[in-house]
Amino acid sequence: MKDMLLQVEPLIPALRRYARALVRNRANADDLVQDCLERAVSRWYQRREGDVRAWLFTILHNLAITQFRQSATRGGHVPIDETNENEFGEAATQERKLLCQDVLNKLARLPEDQRAVLLLVAIEDLSYADAAKVLDIPVGTVMSRLSRARERLQQEIEGIADNMSTNVVSLRRGE
């Protein structure tokens, strides 16, 4: 048990970052990480020798995919009694925040396979081999998906840069 805590606990912040990037909701990300940790604890005996990090990210990724599929078939659930208007959206007050949000939106528009590879390698700093293990794909596929994701995101961001002056003008007109 102590061995498990020593190996898993330092990875929790990275798992939370990855979960937040995947689900884009803090509460849902925390629930996802909790589910991941619960599964890891209950199935600790099933893990193979080697990198615990890749194993945990695999669990988290698979749980997220399962949730995406379930929500696609059921639709999103928003309990109206527990929400307020602020949870539905917040207007950005600075151009930088708008730019960051635009980048996150562009990231979200990437195909799921490319986004997952980009998040694991660029944000979570997993090696290509570890990302391949997490996603259960060959390393070459990781490299090609990462290349396509970077290229597509760069094209999207350049589109933001081209339209940035238009965004500022349109915001100022709305004020």
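What follows is a set of questions and answers on this predicted model.

Q: What share of the contacts in the protein with a separation of 6 or more comes from residues 24 or more positions apart?
A: The chain has 175 residues, and 31% of them count as buried. For contacts with a separation of 6 or more, the share that comes from residues 24 or more positions apart is 66%.

Q: Is helix 2 roughly parallel or roughly antiparallel to helix 4?
A: Helix 2 covers residues 12–23 and helix 4 covers residues 52–74; their axes come within 11 Å and cross at roughly 25°. Angles under 35 degrees count as roughly parallel. That makes the two helices roughly parallel.

Q: Which handedness does the crossing of helix 2 and helix 4 have?
A: Start with who meets whom: Ala14, Leu15, Tyr18, Ala19, Leu22 and Val23 from helix 2 meet Leu56, Phe57, Leu60, His61, Ala64 and Phe68 from helix 4. By class, this contact has eleven nonpolar residues, one polar and no charged ones. As for the crossing of helix 2 and helix 4, it is right-handed.

Q: Is phenylalanine 57 buried or exposed?
A: Phenylalanine 57 sits in helix 4. Leaving out residues up to four places away in sequence, phenylalanine 57 touches Ala14, Leu15, Tyr18, Leu120, Glu124, Leu126 and Val134. Buried means under 20% relative accessible area. Phenylalanine 57 has 0% relative accessibility, so it counts as buried.

Q: How many Å separate the C-alpha atoms of phenylalanine 57 and tyrosine 18?
A: Tyr18 is among the residues that phenylalanine 57 touches. Along the chain the two are 39 residues apart, and their C-alpha atoms are separated by 8.4 Å.

Q: What is the relative accessibility of glutamate 124?
A: Glutamate 124 is in the loop between helix 6 (112–123) and helix 7 (128–135). Setting aside neighbours within four places in sequence, glutamate 124 is in contact with Ala14, Arg17, Tyr18, Arg53, Phe57 and Leu119. Glutamate 124 counts as buried because its relative accessibility is 2%.

Q: How many Å separate the C-alpha atoms of glutamate 124 and phenylalanine 57?
A: Phe57 is one of the contacts of glutamate 124. The two residues are 67 apart along the chain, while their C-alpha atoms are separated by 9.7 Å.

Q: Which kind of pair do the rings of tryptophan 44 and tryptophan 55 make?
A: The structure holds two aromatic pairs. In this one, the ring centres of tryptophan 44 and tryptophan 55 are 5.7 Å apart and the planes are at 75°, so the pair is edge-to-face.

Q: How many residues apart in sequence are the parts that the pair of tryptophan 44 and tryptophan 55 ties together?
A: Tryptophan 44 is buried, at a relative accessible area of 17%. Tryptophan 44 lies in the loop between helix 3 (26–42) and helix 4, and tryptophan 55 lies in helix 4, so the separation in sequence of the parts tied together is eleven residues.

How values were computed
Residues numbered from 1 in each chain as written. Predicted model: local features only at pLDDT ≥ 70, side-chain atom pairs only at ≥ 80, totals over all residues. Heavy atoms only, no water. Axes fitted to C-alpha atoms, helices over the stretch in contact; angles between N-to-C directions. Helix = DSSP H or I, 4+ residues; strand = E, 2+ residues; numbered from the N terminus. Parallel < 35°, antiparallel > 145°, perpendicular 65-115°, else oblique. Left-handed = near helix turned anticlockwise from the far one by under 90°. Contact = heavy atoms within 4.5 Å. Nonpolar A, V, L, I, M, F, W, Y, C, P; charged D, E, K, R; others polar. Phe/Tyr/Trp six-rings, centres within 6.5 Å; stacked < 30°, edge-to-face > 60°. Buried < 20%, exposed > 50% of the residue type's maximum accessible area, 1.4 Å probe, protein only.
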